[in-house]
Amino acid sequence: MSQVKICGGKPLGGSITISGAKNASLPILTACLLIKGVTQLFNVPDIGDIRTMLRILKQIGVKITDGEEPGSLWIDATEINCLANLADAEKIRGSQTLLSTMLTRCGEVRLPPLGGCNIGSRQMDLHINSLKRLGADLEMEQGWIHMKTSGLKGSTIYLDYSSVGATENAILAACLAEGNTIIENAAQEPEIVDLINFLNKAGAKIFGLGSKTIRVVGVKALKPNHYHRIMPDRIEAGSFMIATVMTRGDLIINHMSVADNSSLIYKLKEIGASIDIIGQDSVHVRMKKRPNSFQIKTMPYPGFPTDLQSPMMALACISEGVSVIVENVFENRFQVARELTKMGAKIVTTEKVATVFGSSSLTPATVTSPDLRGGMALILAALSIPDTSVIEAYEKVDRGYANFEKKLVSLGVNITKQEELT
Ligand code: UD1
């Protein structure tokens, strides 16, 4: 367990650089299992979920060494142990793409029930159905997914819902399957485009990047010896933008993807922020007044991202008037509302809708991160309060944000982290 103490109330100012994307790094790391040889990755973020994934890959027999540049890794999957126990995969949801990659590489995979944030049922039916369409058989073994194939064959896959993970698994399995695969109603998240770019550099033939229909022409093997720089994390960038607005700050955010954050930029401008776009990869965010209330509905990309819903709830708590937040992606993603009310927030939630009655300020409190993005919402709330708040279970935030507290210190925030509390 770890916790942070934040004495907020000061405008966030200066400039900050965004780290590599968690949700792009995780599937790309598993994709390395499809390449018999060495791959070099750059800009891999130093976060809890990645440390867990690297541990799992090492257990499978992948050799991983650090490159010279921070965040660069040499991944050597020339030889792997197909019988390795994947029990640690239960610790993170991002291990879901081990299903297709181990199945493709080994012809068989056993994956435990997957963990990650407790934000909904997070089923695997769409993943399993996609792999079945490509010729894999399923047996459930006490909650574990056991899939086998004597050789994957291209097919047509229609996803009932544009699931990010299921789209990734379908693409990964189709890459080395015999023949062509069409994936209809695919998810369009930028992290999937990054995964496809990575695979195509290695010789995969994937078409329709970023569209609802993806076509994969199976190839015999993927080539080693190429490198890939992981895209910037749009949720980290978004969290810093929201932090700036909540503290009436003035911040330049560098090395982000402006295009990938357009739904948030649009919304923050609507509530009164000034956002100047500098080229393709920087923004200058300024806020001089109390934000206006707003409405958001989370949706698959390019809709408003569910991963920024909790941070926006923190923003709604100090906005002028009544904000309405509709969560359409995960059915259990309002848990942070209870913690925010300990800070004086007024929030009413039903199953999918949160109504937030904005107050001019929140009050300091000791609160507990319910999940990764909920933990970020609490940090953002604390940044707006000119007194000391304590955010417990900070390790949940560390799962997805690289050195967030250190980045805040570099911006002059009074934040201290305490490790290993029991
Ligand atoms: C990924 C991201 C997560 C983000 C989410 C939505 C990673 C590691 N995580 O999660 O940060 O919040 O996309 O943008 O990339 N579903 C099913 N059956 C399935 C698969 C999914 O019913 O087989 C449901 C889920 O329960 C959920 C919804 O579909 O309600 C969205 O899930 P999905 O898009 O698959 O998200 P993840 O890949 O788990």
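I began with the lining of the second largest cavity, and its residues divide into four nonpolar, three polar and three charged. (Asp, Glu, Lys and Arg count as charged, Ala, Val, Leu, Ile, Met, Phe, Trp, Tyr, Cys and Pro as nonpolar, and the others, Gly among them, as polar.)

I noted that this is a predicted model, where local features need pLDDT of at least 70, side-chain atom pairs need 80 or more, and totals for chains, interfaces and linings use all residues. Numbering starts from 1 along each chain as written, and side-chain values use heavy atoms, without hydrogens or water.

Next I looked up who lines that cavity (a set of 1 Å grid points where a 1.4 Å probe fits but cannot get out, lined by residues with an atom within 4 Å of a point). I found Ser19, Gly20, Lys22, Pro45 and Ile47 there, together with Asp233, Glu236, Gly400, Tyr401 and Ala402. Its volume (the space filled by probe spheres on the points) is about 40 Å³.

Where does this cavity lie? I see it between domain 1 (3–19 + 232–418) and domain 2 (22–219), because both give residues to its lining.

I then counted the cavities of 30 Å³ or more and got two.

Which of the 20 residues around it (a heavy atom within 4 Å) come nearest? I wrote down Asp125, Leu126, Ser163, Asp307 and Val329. Ser163 places a polar side-chain atom 2.6 Å from a ligand oxygen. For Asp307, I also read 2.6 Å between a polar side-chain atom and an oxygen of the ligand. Leu126 uses its backbone instead, with a polar atom 2.8 Å from a ligand oxygen.

Key. On a 1 Å grid over the protein atoms alone, a cavity is a set of points where a 1.4 Å probe fits but cannot get out, and a pocket is an open set with protein on both sides within 12 Å along at least five of seven lines; lining residues have an atom within 4 Å of a point. Domain bounds come from an automatic or database domain assignment. A residue is near a molecule or strand if one of its heavy atoms lies within 4 Å of it. A polar contact is a pair of N or O atoms within 3.5 Å; within protein, one must be able to donate a hydrogen and the other to accept it, and residues adjacent in sequence count only if both atoms are side-chain atoms.
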